Amino acid sequence: MAGIFGVSSNEDCVKDLFLGTFYLQHRAQDYCGLACSDGKTFSAYDTHRGLMRQQFPKKVLKDLKGNFGIGCVTGDRQPVSVLGKAGAFIVAYDGNIINHDELRDALLMKGIGFTGFIGEGEVHDSAVIAKIISSESTFERGIESLAKIMKGDFALVALTKTGVYAARGWGRKHLILGKKNGSYAVSSESNSFPNTGFEIMRDIEPGEIVLINEEGVNHVGRLDLNPKKYCSFEWIYTAHPASVIEGKSVAEVRINLGKALARRYPVAADLVSPVPNSGRWHALGFSMASGIPHIEVFVRYDYSDRSYTPGQQPDRDVEARTKLIPIKEVIKGKIIVLVDDSIVRGTQMLTRVRVLKEMGAKEVHARIACPPLVAACHFGKTTRCNDECIARRMPIKEIQESMGLDSLGYATVEDLEEATGLPREKLCLDCWEP
Ligand code: SF4
């Protein structure tokens, strides 16, 4: 997972560049980077391990200058600078290459080597895509070449001296355009825009390549890619609730899913609570449709990290265990509907149900805002391994019993279609229907 941002400004872009990238921090926390250009040179280029706010304090930002810029939050060190046939550029990438080894080996066989490898024969996807793009005579041709040979999906932004290129693959990695007073921005998510003063223009379409600069948003290429699919999980969990994807508000889609759960699995309960933060908007929808009060039984400790973004499962489990503090006084003697975005291995839900029962909950009913996850995501989101999915190993009734739940209900693909207003043909459903 990554968040990428680009801006072309009619004044110095650094403030917008920092904030626009900072608002993508929920997508990745391992590395962050910024790069700027004044149209003549690359005036600044900086990558760090860690979070945007800590790595780019005011005293660092004051040394960055330029009208064009890109930024990213990522799982590997980005952005990456390259000098290729089309000249120099700096690229930040959100995606995954399923046939990474094949493409890396093909480049090596052509005599194209890598610097900064991460282990015996290992290089990051970002290094591979930078080499592929830079081996063509124009940036557009480089992207075409990438899309022809890669399996997976991608979105990217690239800083050149003529502006910021942005390109989107088959659709699972989102990009959206914004504008304000002659300045233009592109972001993985539109929640970068409200506090930087940008207004949404439109989504970059799957397969589209644009160049943003002082002339505005220039459509410079179209890749013939099929089938085009949007990642359903962005609306369910990944994206920020303030974002809008393909014209659908993430918060509203989550409310719709919660309402669908309330209609599909009614229960007489004292309160409905999210597993914060990811279940919050779904729980609100459940409460609105059922009339059951929305009261949080866990408080998320503000200084915890997001539990899905650490790279290793044990780290994710530790983070998930420590981030929620139960409120015994609210829990004791109550029939509780607990709403969450998804269940992967089930260990986190099991822990939470145990805590609620130990604190005196009379009954605990779980409602899950997506269908049972049964497959790893080949596009770098949700689970990394099929065997992690509890719904692959046991039927729903058994999952319910193994967790000590009094009932368990999952949203359906039909609920997803209705909540997003998009037909199943346009939605990637691979983690539910591989
Ligand atoms: S498999 Fe699931 S998480 Fe991955 S892109 Fe498709 S819908 Fe999104």
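Student: In what order do the seven strands of the open sheet lie, and how is the pairing described?

Tutor: Strands of a sheet pair through backbone hydrogen bonds, either parallel or antiparallel. In this predicted model the order is β3-β2-β4-β1-β10-β9-β11, with antiparallel pairing. Two strands count as paired if DSSP finds at least two bridges between them. Strands (E, at least two residues) and helices (H or I, at least four) are DSSP runs, numbered from the N terminus. The edges are β3 (44–49) and β11 (199–203), each of which pairs on one side only. From one strand to the next the twist averages 15°.

Student: What should I know about the numbering and the model?

Tutor: Residues are numbered from 1 along each chain as its sequence is written. The model is predicted: local features need pLDDT of at least 70, side-chain atom pairs count only at pLDDT 80 or more, and totals for chains, interfaces and linings use all residues.

Student: How many bridges link β1 and β10?

Tutor: Four bridges link β1 (residues 3–8) and β10 (residues 183–187), in the antiparallel sense. Within this pair, G6 stands opposite V186 of β10.

Student: Which strands does helix α1 touch?

Tutor: Helix α1 (residues 14–22) packs on the sheet and touches β1, β2 (31–37), β4 (68–74) and β10. Contact here means that the C-beta atoms of two residues, placed from the backbone, lie within 7 Å. The direction of α1 makes about 20° with that of β4. Such angles run from 0 to 180 degrees between N-to-C directions, and axes are lines fitted to C-alpha atoms, for helices over the stretch in contact.

Student: How many bridges join β2 to β3?

Tutor: Six bridges join β2 to β3, and the two run antiparallel. L34 stands opposite D46 in β3. The β2 and β3 hairpin has six residues between the strands, and G39 there takes a positive phi near 95°.

Student: At what angle do α8 and α15 pack?

Tutor: Helix α8 (residues 250–264) and helix α15 (residues 413–420) pack at about 140°, with axes 8 Å apart. That angle makes α8 oblique to α15. Angles under 35 degrees count as roughly parallel, over 145 as roughly antiparallel, 65 to 115 as roughly perpendicular and the rest as oblique. On the α8 side V253, N256, L257 and A260 meet D415, E418, A419 and T420 of α15.

Student: How close do the axes of α8 and α9 come?

Tutor: The axes of α8 and α9 come within 6 Å and cross at roughly 50°. That makes α8 oblique to α9.

Student: Which residues are closest to the ligand?

Tutor: The closest are C231, C377, C428, D430 and C431, and 11 residues surround the ligand. A residue is near a molecule if its C-beta atom, placed from the backbone, lies within 6 Å of it.
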